[in-house]
Amino acid sequence: MSEMSRRKFAMVTAAGVCACCASAEAGQERGTESEVPATQPEAPTIDVGTVTDFAHEGIFDRFQQPRKVLVYRQGERLYASTAQCSHKRCTLMVIDATALKCPCHGSAFDINGVPVNGPATVALFRIGISISNGRVVVDPRQQFAEADWEQPGAFIDLPKPASP
C-alpha cells in the first residue's frame, strides 16, 4: 500500500464532506414531513363498495391495513385519503368516527385529515374517488394536497335523501 500525502488526504476528506452535505441538503429540500404522496398504488384502482356501504358519517377503515386507504363520509360528501401519517408514514389508527391518531409519534388528525396535534404539520393526501357502474372506486394514483381538496375527483357529492 502506498502512503497518502497530507494534501491528498485533505482533498479526499473535503470531497467526502461536500458529498455528505449535498446529500443532506437534497433530503432537506423534500422536507421532514411527507409533502409528497405517501401511498404508492399496488393496483390502479380499489373498489371499496357501494354508496350504501357508507350510509352514516364517519371514517371507514376497512382498507386501512391492506391498502393504506381510508374512506370518509361527512354530510353529503364522500372522500378517501391515505391511511399513513404525513410525519413518518406510520399507519394511522381510527380513534372514533371523527379522529385519527398515529401510534408512532402521537400525531392526531381530524375527520378532514388536518393535523390537530403534532409532530405532523401537513394534512393527509386525499385520493381520487369516483362512482363507476354503481361502485365507489378510489384511485391512489390521483392524489390531492389540502389546497386541492375541492378539485373534481377529490370527493363525491352524494344525493340528498328524499323527503318523506
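Where does asparagine 133 lie? Asparagine 133 is found in the loop between β9 and β10 (135-144), where helices (H or I, at least four residues) and strands (E, at least two) are DSSP runs numbered from the N terminus.

## Basis of the model

This is a predicted model, in which local features need pLDDT of at least 70, side-chain atom pairs count only at pLDDT 80 or more, and totals for chains, interfaces and linings use all residues. Residues are numbered from 1 along each chain as its sequence is written, and side-chain values use heavy atoms, with hydrogens and water left out.

The pLDDT, the predictor's confidence in each residue from 0 to 100, averages 78 over the protein, and 71% of the residues score at least 70. Over residues 20-37 the pLDDT is below 50. Where pLDDT is low, the predicted coordinates should not be read in detail.

## Backbone features

Phi of asparagine 133 is near 55°, a positive value in a residue other than glycine. Asparagine 133 counts as exposed, because its relative accessibility is 79%; buried means under 20% relative accessible area, exposed over 50%, and partly exposed in between (1.4 Å probe, protein chains only). Arginine 89, in the loop between β4 (77-82) and β5 (93-96), also has a positive phi, near 65°. Its relative accessible area is 32%, so arginine 89 is partly exposed.

The peptide bond from glycine 118 to proline 119 is cis, with omega near 20°. Proline 119 belongs to the loop between β8 (115-117) and β9.

## Strand β9 and isoleucine 131

Isoleucine 131 is placed in strand β9 (residues 126-132). With a relative accessible area of 45%, isoleucine 131 is partly exposed. Apart from neighbours within four places in sequence, isoleucine 131 is in contact with Val51 and Ile156. The C-alpha atoms of isoleucine 131 and glycine 49 are separated by 9.7 Å, and the two residues are 82 residues apart along the chain.

## Nonpolar cores

A nonpolar core is a set of buried Ala, Val, Leu, Ile, Met, Phe, Trp, Tyr and Cys residues joined through side-chain atoms within 4.5 Å. The largest such core has 19 residues, and Tyr72, Leu92, Leu100 and Phe109 have the most contacts inside it. A second, separate core of 15 residues includes Phe63, Val69, Val138 and Leu158. In soluble globular proteins, nonpolar side chains tend to be buried together.

Tyrosine 72 is buried, with a relative accessible area of 1%. Leaving aside neighbours within four places in sequence, its contacts include Gly58, Ile59, Leu78, Tyr79, Leu100, Ile111 and Leu124.

## Aromatic rings and charge

The structure holds 2 aromatic pairs. Rings of Phe, Tyr and Trp (its six-membered ring) pair if their centres lie within 6.5 Å; planes under 30 degrees apart count as stacked, over 60 as edge-to-face and the rest as tilted. Phenylalanine 54 and phenylalanine 60 form an edge-to-face pair, 4.9 Å centre to centre with 90° between the planes. Phenylalanine 54 is buried at 2% relative accessibility, and phenylalanine 60 is buried at 15%. Tyrosine 72 and tyrosine 79 form a stacked pair, 4.7 Å centre to centre with 15° between the planes. Tyrosine 79 counts as buried at 1% relative accessibility.

The charged end of arginine 126 sits over the ring of tyrosine 79, 3.7 Å from its centre. The charged end of arginine 126 also sits over the ring of tryptophan 149, 3.8 Å from its centre. A charge sits over a ring if NZ of Lys or CZ of Arg is within 6 Å of the ring centre and within 35 degrees of the ring normal.

## Cysteines

The structure holds 1 disulfide, defined as a pair of cysteine sulfur atoms within 2.5 Å. Cysteine 90 and cysteine 104 form this link, with their sulfur atoms 2.1 Å apart. The link is left-handed, with -105° about the S-S bond. It joins distant parts of the chain, 14 residues apart: cysteine 90 is in the loop between β4 and β5, and cysteine 104 is in the loop between β6 (99-101) and β7 (108-110). Cysteine 90 is buried, with a relative accessible area of 15%, whereas cysteine 104 is partly exposed at 42%.

Cysteine 85 is buried, with a relative accessible area of 0%, and cysteine 102 counts as buried at 2%.

Definitions and conventions: Contact means heavy atoms within 4.5 Å.
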